[in-house]
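Subject: Structure for your files

Hello,

Here is the structure you were expecting, with my notes below it. Please keep the two together.

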Amino acid sequence: MIAEDDDARLIAAYLAGDERAFAALYARHAQAVLSYLLGMLADRDVAEDLLQQVFIGLISRLAGLAAGTNVRAFLLASARNSVINRSRDELARRQFAGRYELFVRQRGASESEAGEATERRMRLNRALEALRGDEREVVLLHIQGELTFQQIAEMSQTPLGTVATRYRTALEKMREHLRHE
Amino acid sequence: MNDSELEDLLRAHEGPQPRAQTTEAILALARQSQAARVPAGAVPVVFSSTPRHNWRRWAAGLAAACVLAAVLLWLQRPAGLEPARLAAVLSEQVQVQRNGRAVRLKREDWVVAGDEVLSDQLALLQMNDGSQVKLAAGTRVVLEAPAENQRVHLRLAAGRIFVRAAKAPAEFVISASATVRVVGTTFGVDEASATTTVNVLEGRVAVSADGLELPLARGQSAQASAGEAPKLLAADVNDALRWAREYIKFERRALGEVLDWIADNSSYRFEVSEATRARKVNLTVLDEPMRQIIETLLLACSCDYRIQDDDIVIVREP
């Protein structure tokens with residue numbers, strides 16, 4: 001579990017001039033945030049871009065963060081908002097002033113990951129992808145993000161019972177999916 | 001496998017680490033931010049806002065980053081191709097003829113000026129000016145390089161397209177046997193047997209052929225052949241454009257399945273009982289805003305509901 005006082009010490013050290021403190025803070029949380037973004041977007045390039053935005057947002061707010069702020073929850077809430085905004089604005093935001101790009105996006109593992117991913121991780125990814133969006137989100141936030149159901153309920157403004165039900169349903173679906181793979 | 005075992009499995013397989021360039025970019029920004037905040041040797045003080053005299057450093061850094069990004073993007077362009085207007089493919093399995101070669105594209109690939117797009121099923125292109133073009137199955141359309149006063153130029157060789165043109169000063173042009181010019185509207189163009197038929201759903205378009213131009217308004221339809229002036233048609237534009245507007249049908253499907261589809265294709269979330277989720281519904285989803293689709297669906301199910309931002313709570317179930 002994340003120790004909030006450890007984060008508080010790292011923030012204080014960073015604000016006092018220790019640049020290694022931010023690197024340590026980043027190392028504690030970046031992978032979890034990226035896992036959430038990848039799980040929700042299934043696009044590595046976009047997930048990495050949003051990861052940058054999320055941490056840029058943290059850097060700009062560190063000095064004003066209230067004492068005792070849960071940094072992991074703060075980052076995941078920011079990531080969640082980025083995912084929602086991106087989904088809503090994706091079509092409207094494709095404005096390209098005469099520049100030319102040719103690229104191909106692949107759903108799922110990127111080329112560099114495909115060689116590393118184990119068969120089990122790929123089966124788990126497929127089981128996660130088979131979930132509804134809100135079910136997948138609860139699993140990612142609880143398992144990868146290490147957030148409690150209460151924190152998830154507050155972040156998503158969803159009743160606590162609904163969050164718990166979604167989580168249980170998600171696990172049942174994943175078990176069923178894995179059983180049939 | 002019980003819940004604990006599955007949770008252990010999930011925890012054991014962490015996702016990938018961020019790429020090195022992402023990490024370096026973030027840490028570099030943290031170092032810059034720190035340098036701007038705390039001069040060497042200063043007493044540690046928590047600042048609630050960036051000191052005013054540092055905005056120049058931030059502005060210079062941002063300008064340099066923008067220049068660098070623009071240079072990197074320019075360097076990444078494929079050799080031999082001119083910068084041109086683009087369209088993103090939003091459907092599966094679209095084929096283009098590019099430089100004499102057939103290329104099969106997937107969702108979110110790009111088409112560029114010079115490509116001839118062939119769709120063997122319904123396809124959707126998102127133009128880089130914000131317009132959307134839907135192609136009926138069997139349609140062939142060429143993305144031409146736009147002229148100076150144009151933002152998009154499509155040449156419709158055969159088939160049917162449905163266009164939602166974003167509002168912009170420059171023209172959106174479709175050339176076929178006749179030429180269609182718009183600045184922002186919703187309409188369809190059919191090309192068959194050297195005859196162009198235009199149906200306007202919203203806004204205004206200008207249809208020109210044989211040196212004559214016919215303006216069309218909402219609800220009007222016209223036809224033109226090469227060498228003949230365009231003429232008005234007595235046609236029902238809604239009926240003529242129904243092929244493009246009928247998007248997906250749910251027939252005798254569980255309401256829960258329909259709500260899941262809506263949730264997966266939008267940011268809306270629903271709170272509804274399992275009993276109501278199991279109800280069977282019929283729904284044809286047209287090319288319209290999701291909010292409208294939801295209201296149509298819930299009214300048809302005799303559900304009273306409350307909407308708060310993107311959360312929809314069914315307050316009275318049938």
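In chain A, 64% of the contacts with a separation of 6 or more are between residues 24 or more positions apart, where contact means heavy atoms within 4.5 Å. This is a predicted model, in which local features need pLDDT of at least 70 and side-chain atom pairs count only at pLDDT 80 or more, while totals for chains, interfaces and linings use all residues. Residues are numbered from 1 along each chain as its sequence is written, chains are lettered from A and ligands numbered from 1 in the order in which they are written, and side-chain values use heavy atoms, with hydrogens and water left out.

Chain A has nine helices and zero strands; helices are DSSP runs of H or I with at least four residues, strands are runs of E with at least two, and both are numbered from the N terminus. Of the 181 residues in chain A, 49% are buried, meaning under 20% relative accessible area with a 1.4 Å probe and protein chains only (exposed is over 50%, partly exposed in between).

Helix 2 (residues 19–41) and helix 7 (residues 133–144) of chain A pack at about 165°, with their axes 10 Å apart; axes are lines fitted to C-alpha atoms over the stretch in contact, and angles run from 0 to 180 degrees between N-to-C directions. Because of that angle, helix 2 of chain A is roughly antiparallel to helix 7 of chain A (over 145 degrees; under 35 is roughly parallel, 65 to 115 roughly perpendicular, the rest oblique). Helix 2 of chain A contributes A:A32, A:S35, A:Y36, A:G39 and A:M40 to the contact, and helix 7 of chain A contributes A:G133, A:R136, A:E137, A:L140, A:L141 and A:Q144.

Next, the aromatic residues. Over all chains there are four aromatic pairs, counted when ring centres of Phe, Tyr and Trp (its six-membered ring) lie within 6.5 Å. A:Y14 and A:F22 make a tilted pair, 5.4 Å centre to centre with 50° between the planes; under 30 degrees would be stacked and over 60 edge-to-face.

Last, a residue in chain B. B:S208 sits in strand 14 (residues 205–209) of chain B and counts as buried because its relative accessibility is 15%. Beyond its neighbours within four places in sequence, B:S208 contacts B:A178, B:T179, B:R181, B:E213 and B:P230.

Regards
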